[in-house]
Amino acid sequence: MRLSDAEVVDTFAEAFPMWGARIIITAESPAWAHEAARSLTGFATSVIGCKCEAGIERELDPAETPDGRAGVSALLFASDREGLAKRLVERIGQSVLTCPTTACFNGLDGPETVDVGGQLRFFGDGYQASKLLDGRRYWRVPVMEGEFLVEERFAIAEGVAGGNIIILSRDVAGALRAAEAAAAAMRTVREVILPFPGGIVRSGSKVGSRYSGLVASTNESLCPTLRAQVPHTDVPPDVGSVLEIVIDGLTLEAVRDAMARGLEAAARAGASHVTAGNYGGNLGPHRIDLRDLVPALRDD
Amino acid sequence: MPLTLTLREPPTVPLETEGLSPDRLATRRRGEIEALTVWHGNRRAQLADFFAVSGNGGEELRVEGDLRRVKFLGAGMTDGRLTVAGDAGMHTGADMRGGELVVEGDVGDFAGVNMHGGRLVVEGSAGHQLGGAHPGERAGMRGGEILVHGDAGDQVGTGLRRGLIAVAGRVGDAAGLRMLAGTIVALGGLGAPPGAAMRRGTIVAMSHVTLLPTFAFACSYRPPFLRLYLRHLRALGLPLTDDQIEGRYARWCGDGLELRRGEILILEAGR
């Protein structure tokens with residue numbers, strides 16, 4: 001299948017369920033909201049090593065936030081409800097509570113919620129106070145700078161993780177140019193995050209390893225340097241570098257939309273090939289065929 | 001047309017109408033509504049003796065006429081919307097648990113007393129003991145919201161345990177007396193002395209207040225939670241300015257004769 005000058009492999013991404021939450025961070029300035037959000041979503045690239053995956057969804061205008069200040073919306077995903085609740089408490093407690101002038105609010109609607117502010121309130125050591133407004137409870141935690149306001153309960157919802165596209169190019173510069181264009185296009189989609197640095201991962205992995213205790217290891221079939229050594233390679237002869245973009249989202253539709261925009265952008269930006277990672281259909285219930293993402297590919 | 005009860009003429013003595021709320025009338029036929037018991041002074045009477053009934057039952061109820069001597073309008077309501085076209089008497093919205101009660105005029109004393117939920121909106125002014133406690137009870141209002149577009153009398157929020165009372169005009173003396181928690185917002189002045197014997201909770205004033213000596217100054221700051229409250233009130237139609245929403249407030253803690261866990265927040269001039 002051809003799209004612009006890129007060869008699109010007729011394959012699919014395999015996505016699977018993860019539990020997600022949306023965290024709204026506000027502060028006296030957009031810069032401080034960003035500081036907190038960057039810290040909150042730091043070291044959260046993969047559940048394999050970080051216990052969660054997180055990223056900044058978008059900036060929020062003051063009119064969009066509960067307290068009318070500039071804000072940032074972040075999404076955090078974990079494998080199960082309990083894990084997500086723990087990560088929320090840990091990360092909001094260490095990265096938002098500590099950050100000057102911030103407040104933190106639940107950004108999702110839904111029947112299932114976990115206790116976050118109700119745990120963080122104990123930092124107040126008995127001086128904390130709560131407020132109940134319009135059915136939502138907030139905790140006021142006294143801190144040296146003033147007061148940290150955090151919503152008690154955060155809604156969680158079953159989302160989709162593992163959306164991805166893999167971008168191949170003649171060299172690193174070309175792969176990076178195409179991947180950056182794809183990541184920029186994907187960031188225009190709401191309800192998704194790209195959890196890796198800059199949205200791009202160079203170390204796509206396979207499940208397992210020859211070494212015991214390692215649950216994931218390098219995906220040698222997509223390593224250009226190993227093309228002459230491995231029994232099977234997916235790297236065409238004219239390709240010298242491969243990059244991947246992983247997408248987590250609150251809905252399958254949002255993940256599909258992000259993949260479609262990324263695929264088109266990567267092709268336009270000079271990728272020689274675009275493919276996707278999967279586990280043969282054995283891991284996740286969601287199959288996202290590249291062929292179905294872009295109208296121009298469907299009839300190919 | 002919503003179910004409408006029109007008072008034929010003002011009663012000579014107070015008329016008690018407990019049970020006149022949309023949730024209780026929604027499923028009743030007109031004959032049943034007309035036969036409902038009301039108390040005219042110490043005499044039992046039927047609703048039809050005083051009110052003309054028109055319209056259809058549903059989630060909306062409208063009461064019209066000179067209702068200043070009609071007590072307990074909307075008392076105990078749990079759902080729906082009740083509109084009082086004009087002034088309402090004492091105990092309007094007492095023991096409310098849900099729904100919305102809108103009074104297009106003034107309300108008498110004890111409005112919203114012992115309220116547990118829902119929203120009471122008074123487009124005029126309110127009397128004394130707004131959102132207070134039933135006589136002899138320690139705790140007053142336990143939840144919900146009361147919005148007054150005019151003034152309010154003395155002892156607003158006595159024993160307040162939970163919920164929000166906001167008054168666009170002036171609030172009388174002894175607001176938040178013995179309050180246990182919750183929030184009182186006075187946009188147009190606050191009589192003295194607010195928060196006497198308060199244990200927890202928040203009283204917000206937008207102008208100078210004479211405080212009891214048992215309140216201690218803590219600091220001047222911008223309370224993050226207050227932005228939520230004031231924006232919420234502005235969205236509901238109260239006249240909040242940006243200076244009030246974004247302003248600095250002096251925090252006074254008290255009452256020192258109790259837990260000193262309560263606070264009175266007083267807007268400071270300039271941002």
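# Briefing on sheets, a helix face and aromatic pairs

An open sheet of four strands in chain B has the order β4-β3-β2-β7, with mixed pairing. β4 (43–46) and β7 (70–71) of chain B stand at its edges, each with a single partner strand, so one side of each is left without a neighbour in the sheet. The model is a predicted one, in which local features need pLDDT of at least 70 and side-chain atom pairs count only at pLDDT 80 or more, while totals for chains, interfaces and linings use all residues. Residues are numbered from 1 along each chain as its sequence is written, chains are lettered from A and ligands numbered from 1 in the order in which they are written, and side-chain values use heavy atoms, with hydrogens and water left out.

**Strand pairing in chain B**

- Strands (E, at least two residues) and helices (H or I, at least four) are DSSP runs numbered from the N terminus, and two strands pair if DSSP finds at least two bridges between them.
- Strand β2 (residues 15–16) of chain B pairs with strand β3 (residues 37–40) of chain B in the antiparallel sense over two bridges; W39(B) in β3(B) is the bridge partner of E16(B).
- Strand β11 (residues 145–148) of chain B points E145(B) and L147(B) one way and I146(B) and V148(B) the other way, and all are buried (under 20% relative accessible area, 1.4 Å probe, protein chains only; exposed is over 50%, partly exposed in between).
- Strand β10 (residues 117–122) of chain B runs parallel to β11(B), joined by four bridges, and V121(B) stands opposite L147(B).
- β11(B) also pairs in the parallel sense with strand β12 (residues 164–167) of chain B, over four bridges; here I146(B) has I165(B) as its bridge partner.

**Helix α1 of chain A**

- In helix α1 (residues 30–40) of chain A, the residues A33(A), H34(A), A36(A), A37(A) and L40(A) are buried.
- Seen down the axis of α1(A), these buried residues fall within an arc of 165°, so they line one face of the helix; the arc is that of the directions from the helix axis to the C-beta atoms.
- The cover over the buried residues of α1(A) includes β3 (12–26), β4 (53–60), β5 (71–78) and α3 (81–96) of chain A.

**Surroundings of S73(A)**

- S73(A) lies in strand β5 of chain A and counts as buried at 1% relative accessibility.
- Its side chain makes a polar contact with the side chain of E57(A) at 2.4 Å (a pair of N or O atoms within 3.5 Å; within protein, one must be able to donate a hydrogen and the other to accept it, and residues adjacent in sequence count only if both atoms are side-chain atoms).
- Leaving aside neighbours within four places in sequence, S73(A) is in contact with R22(A), I23(A), I24(A), I56(A), E57(A), R58(A) and L60(A), where contact means heavy atoms within 4.5 Å.

**Aromatic rings**

- Three aromatic pairs are counted over all chains (rings of Phe, Tyr and Trp, the last by its six-membered ring, with centres within 6.5 Å; planes under 30 degrees apart are stacked, over 60 edge-to-face and the rest tilted).
- F105(A) and Y138(A) form an edge-to-face pair, 6.1 Å centre to centre with 75° between the planes.
- This pair links distant parts of the chain, 33 residues apart: F105(A) is in strand β6 (residues 103–106) and Y138(A) in strand β9 (residues 136–143) of chain A.
- F105(A) is buried at 0% relative accessibility, and Y138(A) is buried at 7%.
- The rings of F225(B) and Y229(B) have centres 5.6 Å apart and planes at 80°, so this pair is edge-to-face.
- F225(B) and Y229(B) are four residues apart in helix α3 (residues 224–235) of chain B, and therefore separated by about one helical turn.
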